[in-house]
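Here are my notes on this model, in numbered points. Please read them with the structure open.

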Amino acid sequence: MGIDLNRVIIDEIVLRVFIVVILFRISTSDDLPANFVFGDSLVDAGNNNYIVTLSKANFLPNGIDFGKPTGRFTNGRTIIDVIGQELGFRFTPPYLAPTTVGPVVLKGVNYASGGGGILNLTGKVFGGRLNLDAQIDNFANTRQDIISSIGVPASLNLFKRALFSVTIGSNDFINNYLTPAVTFPEQILQSPELFVTTMISKLRAQLTRLFNLGARKFVVANVGPIGCIPSQRDANPAAGDSCVSFPNQLAQLFNTQLKGLIAELSSNLAGSMFVYADVYNILEDILQNYVAFGFDNPSSACCYMAGRFGGLIPCGPTSKVCWDRSKYVFWDPYHPSDAANVIIANRLLDGGSKDITPVNIRRLFQF
């Protein structure tokens with residue numbers, strides 16, 4: 001009995017179509033919207049692994065509690081990783097990874113980049129980095145890929161339901177305004193008020209562009225108490241055991257205007273939902289009440305090499321590592337530990353209006 005080649009070919013085509021349909025249904029399931037992540041090293045999942053930059057974390061001891069170094073600037077998970085796990089997402093893949101193609105992008109993409117900022121000059125001391133403009137450019141590419149894959153109506157619905165998180169701004173102070181004037185003349189040329197106004201104006205345009213590309217649900221994190229990180233403590237020894245006041249004043253100046261911007265955009269962009277995540281308040285609470293949160297050390301880096309607070313040299317292969325990483329608020333000179341990220345993430349997920357407003361992420365996720 002001979003083989004009907006036409007029938008075999010038809011059966012194979014039907015099977016392939018069936019597989020594509022199943023993948024599409026899995027990837028666009030009503031149970032789980034997509035997760036698009038923008039930001040800096042606080043939420044970078046490995047994009048900087050693929051660019052020429054001094055801002056890298058794809059080596060031990062980074063990732064020591066993640067199982068391996070991935071390019072995350074912490075010992076374990078980022079805030080976004082923890083939130084994603086709680087909501088049922090897998091880890092959102094970095095845009096520049098060669099595997100972030102095809103149906104994978106229908107569940108979301110991480111565009112964040114260590115050293116990146118709101119302003120395009122920010123982080124230039126590192127060489128390569130993806131600032132927020134470039135990250136939005138990359139999302140526009142993903143958007144076109146998704147439209148080509150599932151069509152315009154389904155794509156717009158996917159973006160409407162997706163979570164868009166933006167965690168950026170710290171580097172605009174740490175690696176721009178607060179750096180030596182030889183590198184950045186901004187501190188001499190601009191008052192703090194003018195510099196922050198410039199940041200807010202730029203961010204307004206960037207968030208509006210994301211809205212015009214289809215984003216509707218936004219979680220925008222403010223800048224944390226950067227005067228309390230080990231690098232700022234060691235750079236300003238006159239502060240003694242206290243946080244450095246000027247960087248924190250800059251952060252608070254920015255945060256006040258950011259909260260107003262969030263309210264403005266919510267009112268002006270019809271159909272949008274903007275949420276203001278008060279990371280400053282949460283981290284300040286942790287630092288002031290660190291014992292109650294289970295920490296022993298609220299001021300020093302767990303991964304350290306030099307400086308009273310371990311803040312003078314970035315975490316690297318020759319650094320020393322504290323023996324109990326769960327007892328340190330800070331992993332390295334700049335970034336929270338996994339333990340701190342878990343607390344921050346959980347308060348953004350389920351916290352009240354002092355932590356996140358007008359709704360927490362779990363509520364926003366359900367809209």
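**Notes on Asn 360 and the chain**

1. A side-chain polar atom of Asn 360 sits 3.3 Å from the backbone nitrogen of Arg 362. That is within the limit for a polar contact (N or O atoms within 3.5 Å; within protein, one must be able to donate a hydrogen and the other to accept it, and residues adjacent in sequence count only if both atoms are side-chain atoms).

2. The model is predicted: local features need pLDDT of at least 70, side-chain atom pairs count only at pLDDT 80 or more, and totals for chains, interfaces and linings use all residues. Residues are numbered from 1 along each chain as its sequence is written, and side-chain values use heavy atoms, with hydrogens and water left out.

3. Asn 360 lies in the loop between strand 9 (356-357) and helix 12 (361-366). Helices (H or I, at least four residues) and strands (E, at least two) are DSSP runs, numbered from the N terminus. The chain has twelve helices and nine strands.

4. Is Asn 360 buried or exposed? Asn 360 counts as buried because its relative accessibility is 12%; the cut-off is under 20% relative accessible area (1.4 Å probe, protein chains only). Of the 367 residues in the protein chain, 53% are buried.

5. Leaving out residues up to four places away in sequence, Asn 360 touches Leu 348, Leu 349, Asp 350 and Gly 351. Contact means heavy atoms within 4.5 Å.

6. Mean pLDDT (the predictor's confidence in each residue, from 0 to 100) is 92 for the protein chain, and 89% of the residues score at least 70. Over residues 13-30 the pLDDT is below 50. Where pLDDT is low, predicted coordinates should not be read in detail.

Conventions. Buried means under 20% relative accessible area, exposed over 50%, partly exposed in between (1.4 Å probe, protein chains only).
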